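Student: Please guide me through reading the features of a protein model, giving the general idea and then the case at hand.

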Amino acid sequence: MKLLTINSDRGDRAAVMLDDDVLDLKAAAGILGQTLPADTILGLIEGGDNALDGVRKLLNAASGKTDDLRREGALLAADSIRYRPPITRPGLILSVGMNYAKHLEEMNTPIPTEPAAFVKIPTSLTGHGEPILPPPGHGDMIDYEGELTFVIGKECHNVSEDDALDYVAGYTIANDVSARDWVAPIFTAEGRMGPIHAWEKNILGKQYPSFTPLGPVMVTKDEIPDPSNLHLTTTLDGEVMQDTMTELVFSIPQLIAYYSQWYRLMPGDVVTTGSPSGVGYGRDPKVFMKPGQRVEITIEGIGTLSNPVAG
């Protein structure tokens, strides 16, 4: 299933993508006299297989009742809605970096022997179709980073690689938008604390509001049996900037096993898996997003995350 969160005059609602339409689950349940296990994606994730089976039961009940559901406002055209991030307020956004060999090469960075990640704050999230907002004073070096992203499905601490995928609820797309103003100082900083402070500034350049577009949907893991072999592209105003398979230096099971040594990952936590080569900063000449442009990230089996850059 392709689960998503939509915003309406009734607030944020859990929904399912059905080709070119979106089914508002709570509205549909009321019309069809069905019981909805939860009315948020997080609630459905926390409810586990039983909750997802309840959604499937609702979808079966909705089959053949398209006209009624559309007339009552439960079935909406996909291009008419406002998208929210599938998980609107995750407890944690863990953003893995340095996880594609060719991207490391373009950034003049050696391949690490262990995974590397940083935390992004939930207020950086925005939905599919919503504008990326260049921050005042730091809007000239705004870069895109298309990333396969997974969502944790159940409490996860100190798990093995063999069991790791059991803790995944599904997959989505993130754009780790970055103000690149502070990348160069990382390579020129001196002393012990200089590089540390430079790296912190670099990470702060990823925390601005709207700098983590997420969505448009979360695809349940049963629909993506092999997340290590998906085609990913990023385009800027239609020009292909990133084009790769999701061949990660550290696989999703490795990432989960590694970071769950320390983190107690919880349902709804979001983990991005790194960006491939082709980012604007790594190009010669460098390419940065400009007001009025549109960046789109497409991942096989999930869909396309599209966001304009605000003027």
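**Salt bridges**

Tutor: D176 and K206 form a salt bridge through their side chains, at 2.9 Å from N to O; the term denotes a side-chain nitrogen of Lys or Arg within 4 Å of a carboxyl oxygen of Asp or Glu. The partners come from distant parts of the chain, 30 residues apart: D176 sits in the loop between β11 and β12, and K206 in the loop between α7 (193–204) and β13. Helices (H or I, at least four residues) and strands (E, at least two) are DSSP runs numbered from the N terminus. The model is predicted, so local features need pLDDT of at least 70 and side-chain atom pairs count only at pLDDT 80 or more, while totals for chains, interfaces and linings use all residues. Residues are numbered from 1 along each chain as its sequence is written, and side-chain values use heavy atoms, leaving out hydrogens and water.

Student: Are D176 and K206 buried or exposed?

Tutor: Buried means under 20% relative accessible area, exposed over 50%, and partly exposed in between (1.4 Å probe, protein chains only). Both D176 and K206 are buried.

Student: Which side chain meets D176 in a salt bridge of 2.7 Å, N to O?

Tutor: That partner is K120. K120 belongs to strand β7 (residues 116–120), whereas D176 is in the loop between β11 and β12 (178–179), so this contact ties together parts 56 residues apart in sequence. K120 is buried, as is D176. These residues also belong to a network of salt bridges that links K120, D143, E145, D176, R180 and K206.

Student: How many salt bridges does the structure hold?

Tutor: There are 14. One of them joins D39 to K26, with the closest N and O atoms 3.5 Å apart. Because D39 lies in the loop between α1 (25–32) and α2 (41–46) and K26 in helix α1, the pair ties together parts that are 13 residues apart in sequence. D39 is partly exposed, with a relative accessible area of 36%, and K26 is partly exposed at 44%.

Student: Which residues touch the most other members of the largest nonpolar core?

Tutor: In soluble globular proteins, nonpolar side chains tend to be buried together. A nonpolar core is a set of buried Ala, Val, Leu, Ile, Met, Phe, Trp, Tyr and Cys residues joined through side-chain atoms within 4.5 Å. The largest one here has 40 residues, and L4, V22, F150, Y171, I256, I299 and I302 touch the most other members. At least two core residues come from each of β1 (2–8), β2 (11–18), β6 (93–97), β10, β11, β13 (212–220), α8 (252–259) and β17 (294–299). Helix α8 gives the most, with five residues.

Student: Which residues gather in a patch of negative charge on the surface?

Tutor: Patches are made of residues with over 30% relative accessible area and no salt bridge; like charges are joined within 9 Å, and nonpolar side chains (Val, Leu, Ile, Met, Phe, Trp, Tyr) within 5 Å. Lys and Arg count as positive and Asp and Glu as negative, with His and the chain ends not counted; a charge is placed at NZ of Lys, CZ of Arg, CG of Asp or CD of Glu. The negative patch consists of E161, D162, D163 and D166. D166 is in the loop between β10 (146–152) and β11 (168–175) and is partly exposed at 45% relative accessibility.

Student: Which residues form a nonpolar patch on the surface?

Tutor: V119, W262 and Y263 do, with about 310 Å² of accessible area together; areas come from the Shrake-Rupley method with a 1.4 Å probe, and for residues only the protein chains shown count as cover. V119 lies in strand β7 and is partly exposed at 39% relative accessibility.

Student: Finally, what should I note about the backbone?

Tutor: Most residues other than glycine have a negative phi, and most peptide bonds are trans. Here the bond from G215 to P216 is cis, with omega near 0°, and P216 is in strand β13. The bond from D284 to P285 is also cis, with omega near 5°; P285 is in the loop between β16 (270–272) and β17. M98, although not a glycine, has a positive phi of about 50°, and M98 is in the loop between β6 and α5. S210, likewise not a glycine, has a positive phi of about 80°. S210 is in the loop between α7 and β13 and is buried, with a relative accessible area of 6%.
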